[in-house]
Amino acid sequence: MPSFRCEKYDPSRHELAGFRCEDARYEKFLTGKAPTLHAAGFARTYLAFEPDSEVLCGYSTITMSSLSKQLVMVPDLLRSVPSFDLPVLHLERLATDVERRRTGVATFLLKEVFELALSCERHVGCFGVSLHYAKDDLVGFYARFGFTVVNKREKIMLLTLKTLREATG
């Protein structure tokens, strides 16, 4: 599996044009909404590059959020959880360049997100990583990492940090 380099988006250093994704909405988000969210302090985007180059292979955008317990339709995940909304690191977007699909870049970016979630747990508290999946065929990909569909109607998946820690030892 090729290696990648991860950098937090810095508008003074990173040129985002040229990234091509199967879904043009992800390109538009990267060049339009992601810099706006970054400037406002609402989200952070992490960029994956080929080693020793500036070739952008993929990106993830994350934000702190909360997940209402009423949206979680898997009661087993909520055992011993106080009756508050769940503090989560929300994966807003994950995308890879069309020429780099199936090269491990999405897995690389997810592992970076997991490290950030564990850091959030240590510093401010975090129950897990949440996401809204755009297509049903993505469920299998995320399930490989321990995500569970917690609400089919809303297309919400959740990976608890307890599950993450158990999987990584």
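**Notes on the predicted model**

1. Strand E4 (residues 86-96) and strand E5 (residues 128-132) run parallel and are joined by 4 bridges. Within this pairing, the bridge partner of Leu 89 is Val 129 in E5. It should be kept in mind throughout that the model is predicted.

2. Which strands make up the sheet, and in what order? The order is E1-E2-E3-E4-E5-E7-E6, in an open sheet of 7 strands with mixed pairing. E1 and strand E6 (148-151) stand at the edges, each with a single partner strand, so one side of each has no neighbour in the sheet. On average, neighbouring strands of this sheet are turned by 30° against each other, direction ignored.

3. The antiparallel pairings may be followed from E1. E1 and E2 run antiparallel and are joined by 4 bridges, and Cys 6 stands opposite Ala 48 in E2. E2 in turn pairs with strand E3 (residues 56-67), again in the antiparallel sense, over 6 bridges. Leu 47 stands opposite Tyr 59 in E3. Strand E2 (residues 44-49) is mostly covered, with 5 of its 6 residues buried.

4. The hairpin of E2 and E3 has 6 residues between the strands, and Asp 52 takes a positive phi near 60° there. For context, most residues other than glycine have a negative phi. Two further cases deserve a look. Arg 102, a residue other than glycine, has a positive phi near 60°; Arg 102 lies in the loop between E4 and H2 and counts as exposed because its relative accessibility is 80%. Lys 155, also a residue other than glycine, has a positive phi near 55°. Lys 155 belongs to the loop between E6 and E7 and is partly exposed, with a relative accessible area of 27%.

5. Lys 8 lies in strand E1 (residues 5-8). Is Lys 8 buried or partly exposed? At 44% relative accessibility, Lys 8 counts as partly exposed. Apart from its neighbours within four places in sequence, Lys 8 is in contact with His 14, Arg 44, Thr 45 and Tyr 46. Of these residues, Thr 45 is 37 residues away from Lys 8 along the chain, although their C-alpha atoms are separated by 6.1 Å.

6. Thr 96, found in strand E4, counts as buried because its relative accessibility is 14%, and the cut-off for buried is under 20%. Not counting residues up to four places away in sequence, Thr 96 touches Phe 19, Arg 20, Cys 21, Cys 57, Gly 58, Arg 101, Val 105 and Ala 106. Val 105 and Ala 106 are themselves among the buried residues of H2.

7. Helix H2 (residues 105-123) has 19 residues and reaches 27 Å from its first C-alpha to its last, close to the 27 Å expected at 1.5 Å a residue. H2 lies across E1, E2, E3, E4, E5 and strand E7 (156-160), and runs at about 160° to E4. Helix H4 (residues 161-168) also packs on the sheet, touching E5 and E7, and its direction makes about 55° with that of E7. The buried residues of H2 include Phe 108, Leu 109, Leu 110, Val 113, Phe 114 and Leu 118. H2 is followed by Gly 125, whose phi is positive, near 95°.

8. The chain as a whole may now be considered. The protein chain has 4 helices and 7 strands, which follow the pattern β-α-β-β-β-α-β-α-β-β-α along the sequence. Its radius of gyration is 16 Å, close to the 15 Å that the globule rule gives for 169 residues, so the protein chain is as compact as a globular protein of that length. Taken along the principal axes, the C-alpha atoms fill a box of roughly 45 × 30 × 30 Å.

9. Some totals complete the account. Of the 169 residues of the protein chain, 46% count as buried. Among contacts with a separation of 6 or more, 64% are accounted for by residues 24 or more positions apart. The protein chain exposes about 9500 Å², of which carbon and sulfur atoms supply 52%.

Key
Residues are numbered from 1 along each chain as its sequence is written. This is a predicted model: local features need pLDDT of at least 70, side-chain atom pairs count only at pLDDT 80 or more; totals for chains, interfaces and linings use all residues. Side-chain values use heavy atoms; hydrogens and water are left out. Helices (H or I, at least four residues) and strands (E, at least two) are DSSP runs, numbered from the N terminus. Buried means under 20% relative accessible area, exposed over 50%, partly exposed in between (1.4 Å probe, protein chains only). Contact means heavy atoms within 4.5 Å. The expected span of a helix is 1.5 Å times one less than its number of residues. Two strands pair if DSSP finds at least two bridges between them. The radius of gyration is taken over C-alpha atoms; the globule rule is 2.2 Å times the number of residues to the power 0.38. Accessible areas come from the Shrake-Rupley method with a 1.4 Å probe; for residues, only the protein chains shown count as cover. Axes are lines fitted to C-alpha atoms, for helices over the stretch in contact, and angles run from 0 to 180 degrees between N-to-C directions.
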